Amino acid sequence: MADPFAEKSIIITGASSGLGAEIALEFARRGARLTLFSPEADKQHDVVDQCHQLGGKAVAVIGDVTVADDCRRLSEECVMAHGTIDYLIANAGISMWTSFEEVEDLEIFRRLTDINYLGAVNCIYHTLPHLKSSRGMIVAVTSIQAKIGVPQHTGYVASKHALQGFCDSLRLELKGTGVDILTVLPHWITGTDLRKKAVGKDGNELGASSRKHSKDAIPVGDACKAIIKAMAKRQQELIMPPKLKALLWLNLISPRAADAVITKAMSRQHKQ
């Protein structure tokens, strides 16, 4: 049986490392036609080379999701290279790790919003006409924090709430068009640079940290496989790991109890 993603045209943002790169390599193995987008030219071209070595077809487009013209160019170059757009995986994002009172530069919040929320909006806007033609799919990597509050992450949580709300609303607008939207809500993912590149109180990247991931963190390879499986089923939402659904239910039934669970978990992280 042929792979359902063979010869499909797939755009992946934030594809120069971490989850985006892992997804790109897996789709290359499956024979997809990839357009990989990132501002990190050297790293992105390296991932493209790896895709070619796996027998996949891939092109790199170098640009920034916060620049609308770059996202328009991304869509145009994908269509020039592959003729169509079947999937957009809006994966680009950054995190933060500092309390609100410690923040020294409020531009942190604008940057988080521009990349995590508006960056996805920019890409979706320019690819949507092509996705409607192909009856394709939008995949937005949000976070479990898109539905719950978490200390030390105010700006990150707010940007992911915005992206989740945007996707939930757009999904209703696209009823009957053939375009589906999958939102991916993971816990921490190991094997990525998200923590290393998280911004601190001064707006600079934190760099290497001694903090260890909790036992519930997901290996990047497992996250990749779960996302592709959900795409094949054209799911509406993917929560990883699935047991986090219980926390969301607890938050609905008893927000105070959910707050206690989250605060305790973050306190352990802070001590590591």
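The legends below describe close-up views of one predicted model. Residues are numbered from 1 along each chain as its sequence is written, and side-chain values use heavy atoms, with hydrogens and water left out. Local features need pLDDT of at least 70 and side-chain atom pairs count only at pLDDT 80 or more, while totals for chains, interfaces and linings use all residues.

**View 1. The largest cavity has a volume of about 60 Å³.** Rolling a probe the size of a water molecule over the atoms shows where empty space is left. On a 1 Å grid over the protein atoms alone, a cavity is a set of points where a 1.4 Å probe fits but cannot get out, and lining residues have an atom within 4 Å of a point. Grid points are joined across faces, edges and corners, and a volume is the space filled by probe spheres set on the points. The structure holds 2 cavities of 30 Å³ or more. Thirteen residues line the largest cavity, and Thr13, Ala90, Asn91, Ala92 and Ala120 lie nearest its centre. Two or more lining residues come from each of helix H4 (107–134) and helix H5 (154–173); helices (H or I, at least four residues) and strands (E, at least two) are DSSP runs, numbered from the N terminus. H4 gives the most, with 5 residues. The lining has 8 nonpolar, 4 polar and 1 charged residues (Ala, Val, Leu, Ile, Met, Phe, Trp, Tyr, Cys and Pro count as nonpolar, Asp, Glu, Lys and Arg as charged, and the others, Gly among them, as polar).

**View 2. Helices H4 and H5 pack with their axes 8 Å apart.** The angle between H4 and H5 is about 20°, which makes H4 roughly parallel to H5. Axes are lines fitted to C-alpha atoms, for helices over the stretch in contact, and angles run from 0 to 180 degrees between N-to-C directions; those under 35 degrees count as roughly parallel. The crossing of H4 and H5 is right-handed (the near helix is turned clockwise from the far one by less than a right angle). Contact means heavy atoms within 4.5 Å. Residues of H4 that meet H5 include Phe109, Tyr117 and Ile124, and their partners in H5 include Tyr156, Leu163 and Phe166. By class, this contact has 11 nonpolar, 5 polar and 1 charged residues.

**View 3. Helices H1 (residues 18–29) and H2 (residues 41–53) cross at roughly 25°.** Their axes come within 8 Å, and the angle makes H1 roughly parallel to H2. The crossing of H1 and H2 is right-handed. Ala21, Ala24, Leu25 and Ala28 in H1 meet Val47, Gln50 and Cys51 in H2. The contact of H1 with H2 has 6 nonpolar residues, 1 polar and no charged.

**View 4. The second largest pocket has a volume of about 160 Å³.** A pocket is an open set of points with protein on both sides within 12 Å along at least five of seven lines. Ile218, Asp222, Met240, Pro241 and Lys245 are among the residues that line this pocket. Helix H6 (220–232) and strand E9 (237–240) each supply at least two lining residues, and E9 gives the largest share, 4 residues. The lining divides into 7 nonpolar, 1 polar and 3 charged residues.

**View 5. A cis peptide bond joins methionine 240 and proline 241.** Omega is about -10° for this bond. Proline 241 lies in the loop between E9 and helix H7 (244–253).

Key. Angles under 35 degrees count as roughly parallel, over 145 as roughly antiparallel, 65 to 115 as roughly perpendicular and the rest as oblique.
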